[in-house]
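Colleague: I have not looked at this one before. Can you take me through a few spots in it?
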Amino acid sequence: MHKKRFFGGIALLVLSAAGGGLATASPEPEHEHDVMVPAEPTMIDFVDPATVDGLGTRNLGGDEGENAGRYVHITYPQLPDAPRLNAALRGEAERVLRGFREATRFDAPRPRPELNMDWQLTAASGEIVGVRLRTGESLGDGWSNSTRTLWYDRKTGQATGSTGLLAAQSALYDLTRLVRSQLAKRGTPTTAHELTGEQFDSMAFNHDGDLVVEFDDCQVGPCSLGRVAVAVPARQVEPLLSPTGRAAQHAVRTAAEQTSATVPKTVPTPSPEAASNQAGSVDCAQTKCVALTFNDGPGPATPRLLDVLLKAKARATFFTIGINAAARPDLVRRMSAEGHLVANHTWAHRDLSQLPTSKIADSLGRTQDAITTTIGERPTLMRAPYGMVNEDVTDVAGEMGLAIVGWDVDAGDGRVDDAKTITDRVTRRVRAGSIVLMHNVNKTIVDAVPDIVKRLRGKGYTLVTVPELYGTARMQAGRLYRPGSASTPERPQT
């Protein structure tokens with residue numbers, strides 16, 4: 001269970017999990033002087049996405065990066081039986097991305113602007129689904145957070161924003177009064193005119209049925225307060241709820257009761273280091289070896305990519321995003337079972353070089369937990385999003401037993417939508433010992449892989465996982481490995 005914190009004297013939204021079908025996720029405090037406080041009613045129990053049949057993930061903004069002068073990583077869930085929810089989620093992601101592109105269309109300051117969106121499930125039942133989208137944004141002058149929670153009523157087939165949990169406009173007025181009263185009691189510097197219906201765009205229920213209203217940074221007071229949340233007691237909010245709101249409240253309460261009754265007490269056991277089940281079958285000191293690596297999945301293109309690699313009897317290293325791994329543990333297990341190596345690409349693809357060490361450790365640690373729980377092996381490799389590494393990153397990686405993996409060949413598959421161009425680029429640039437960067441979240445790279453494998457083998461190359469490039473010498477935790485640095489791994493400067 002994650003720690004509960006106060007931030008500048010104002011309670012943050014705190015997220016926890018009791019286990020079983022619930023998964024822990026929490027907003028990451030921006031200040032290092034935060035202090036421990038007891039749990040409070042704004043805790044939300046999120047649903048483990050692996051328990052939701054058919055759930056997958058989608059990515060947006062894959063063409064952003066070094067050439068665009070900004071960093072973008074957006075991921076959101078999709079359900080096969082909820083088309084209107086899927087459309088609403090994509091619409092929200094596209095809206096946020098458009099706004100960010102407009103704000104950063106001129107020469108970017110340093111550090112490079114960054115946009116990041118991840119998600120959690122606030123409810124998932126036969127009647128209702130709730131998705132909380134969490135967006136972080138930096139325009140070069142600090143990080144700000146915002147959230148929006150969308151709801152889908154399976155009975156009506158309608159998707160709605162959070163105010164759809166309320167019965168009518170009058171209910172929103174009443175809720176505004178209740179929230180304003182709580183904020184005043186807590187000393188939050190806000191006045192009546194500062195609260196509008198537009199600000200009630202992220203609402204969910206805690207396990208007691210209280211309505212948790214979450215505000216973005218800077219919405220109800222100075223930005224230094226961070227994120228503020230209020231829990232309106234169930235007895236006060238129940239008369240205000242719409243049928244969708246009542247279904248959501250019931251779903252959360254029911255899930256909490258079932259979880260508390262069935263959660264087993266488990267004792268963690270040590271897990272072996274992750275390795276390809278075919279490791280040791282190739283001697284790269286005697287053979288021309290190349291490591292194909294795939295970032296960001298599992299995603300929609302991953303099943304077909306695994307089919308292609310299986311047919312070609314080719315192995316690769318998958319640097320997985322934690323939130324995607326948690327959503328599709330079946331694909332992570334398949335990667336491992338078919339001889340590939342599963343590695344760590346952080347929880348939600350933030351630029352680690354701009355984070356304090358506590359956040360770096362949290363992002364890597366949560367991903368380690370998700371992967372280890374799934375395959376029973378602990379990753380020993382990580383790749384930093386955007387390749388951004390500084391001394392803090394290497395220090396934390398070292399403490400967590402993770403070597404850092406770079407690359408020397410970028411397939412450019414996030415920027416080019418042509419399989420032949422990608423294939424030509426990769427096969428032209430590869431040399432013995434190369435590490436090739438690709439992404440397993442788009443179909444174009446899957447279209448290119450068969451020819452990449454065929455042409456590389458035609459040039460006498462053998463495809464291996466990353467550790468095999470370095471032979472019997474173990475890759476050292478906290479070191480950055482680029483091709484050709486087997487004997488002298490690099491220690492990046494700040």
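Modeller: Start with the cysteines: Cys284 and Cys289 are joined by a disulfide, with 2.2 Å from S to S. Keep in mind that this is a predicted model.

Colleague: How many disulfides does the structure hold?
Modeller: One disulfide.

Colleague: Which hand does the disulfide of Cys284 and Cys289 have, and why?
Modeller: The disulfide is left-handed, because the torsion about its S-S bond is about -95°.

Colleague: Are Cys284 and Cys289 buried or exposed?
Modeller: Cys284 is buried, at 17% relative accessibility. The cut-off for buried is under 20%. Cys289 is buried as well, at 2%.

Colleague: Change of topic. Where is Ala348 found?
Modeller: Ala348 sits in the loop between strand E17 (341-344) and helix H8 (357-375). Its relative accessible area is 8%, so Ala348 counts as buried.

Colleague: What does Ala348 touch, not counting residues up to four places away in sequence?
Modeller: Ala348 touches His73, Asn116, Asp118, Ile321 and Ser363.

Colleague: And how far apart are Ala348 and Ile321?
Modeller: In sequence they are 27 residues apart; in space, Ala348 and Ile321 are 6.2 Å apart, C-alpha to C-alpha.

Colleague: Next, Thr149. Which strand is the place of Thr149?
Modeller: Thr149 belongs to strand E10, residues 143-153.

Colleague: Why does Thr149 count as buried?
Modeller: Because its relative accessibility is 1%.

Colleague: What is Thr149 in contact with, leaving aside neighbours within four places in sequence?
Modeller: The contacts of Thr149 are Thr122, Val131, Arg132, Gly161, Ser162, Asp201, Ser202 and Met203.

Notes
Residues numbered from 1 in each chain as written. Predicted model: local features only at pLDDT ≥ 70, side-chain atom pairs only at ≥ 80, totals over all residues. Heavy atoms only, no water. Disulfide = S-S within 2.5 Å. Buried < 20%, exposed > 50% of the residue type's maximum accessible area, 1.4 Å probe, protein only. Helix = DSSP H or I, 4+ residues; strand = E, 2+ residues; numbered from the N terminus. Contact = heavy atoms within 4.5 Å.
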